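Biologist: I am new to reading protein models. Could you walk me through one?

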Amino acid sequence: VGDLGTVPVVQPPPPPVTDTPTPTFTPTYTPTTETPDATPPTVISATFNPTQIMKEGPGCPGYSRTTVSTVRAQDNAAVASVSASWVLRDTSNAIVTTGSVNYNPSGGDSYQATFGPFPSDGTLSLNGTVMDTSGNSTPFSQQITVLACIG
């Protein structure tokens, strides 16, 4: 309460002194001229071993009821995955069973998956894809005969 004109004006104290560090490194941006990988993988081969199998069930002892599909593939960067979908059609071409599989690396440039046993004779058809780490892909296909009895 009272006359504000009689209140003395006081100057604020100076702000505290702080050290400002001097930067020793100033990063710079260098744009890259590298182009993205657009080269698809190369499928060297796609094979079955054995090349014929028997359907599941008794009879014809000594013959295999499974087969191993081996895909050899290379890429200028790296192969990311090998996968396939398959269908077994009986002798009248009716679909018996279908499925899909991811191949496992088996050393070097080889990838493998095992198929069988199957409930019917007929033709097993595979449609697969080799994918690289940049998303480029190359298809492959294989067929094998599933027999009621080899001989």
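Modeller: Start with one side chain. That of Asp 75 reaches the backbone nitrogen of Ala 78 at 3.2 Å. A polar contact is a pair of N or O atoms within 3.5 Å; within protein, one must be able to donate a hydrogen and the other to accept it, and residues adjacent in sequence count only if both atoms are side-chain atoms. The backbone nitrogen of Ala 77 also lies 3.0 Å from a polar atom of the Asp 75 side chain.

Biologist: What kind of model is this?

Modeller: This is a predicted model: local features need pLDDT of at least 70, side-chain atom pairs count only at pLDDT 80 or more, and totals for chains, interfaces and linings use all residues. Residues are numbered from 1 along each chain as its sequence is written, and side-chain values use heavy atoms, with hydrogens and water left out.

Biologist: Where is the place of Asp 75?

Modeller: Strands (E, at least two residues) are DSSP runs, numbered from the N terminus, and helices are H or I runs of at least four. Asp 75 sits in the loop between strand S3 (67-74) and strand S4 (79-89). The whole protein chain has zero helices and nine strands.

Biologist: Which side chain of opposite charge is nearest to Asp 75?

Modeller: Lys and Arg count as positive, Asp and Glu as negative; His and the chain ends are not counted. For Asp 75 the nearest is Arg 72, 14 Å away. A salt bridge needs a side-chain nitrogen of Lys or Arg within 4 Å of a carboxyl oxygen of Asp or Glu. Asp 75 has none, yet is buried. Buried means under 20% relative accessible area, exposed over 50%, partly exposed in between (1.4 Å probe, protein chains only).

Biologist: How many salt bridges does the count come to?

Modeller: One. Arg 72 pairs with Asp 109, the closest N and O atoms being 3.0 Å apart. This links distant parts of the chain: Arg 72 is in strand S3, and Asp 109 is in the loop between strand S6 (104-105) and S7, 37 residues apart. Arg 72 is partly exposed at 33%, whereas Asp 109 is buried at 16%.

Biologist: And the nonpolar side chains?

Modeller: In soluble globular proteins, they tend to be buried together. A nonpolar core is a set of buried Ala, Val, Leu, Ile, Met, Phe, Trp, Tyr and Cys residues joined through side-chain atoms within 4.5 Å. Here the largest has 21 residues; Val 82 and Phe 115 are among those with the most contacts inside it. S4 gives the largest share, five residues.
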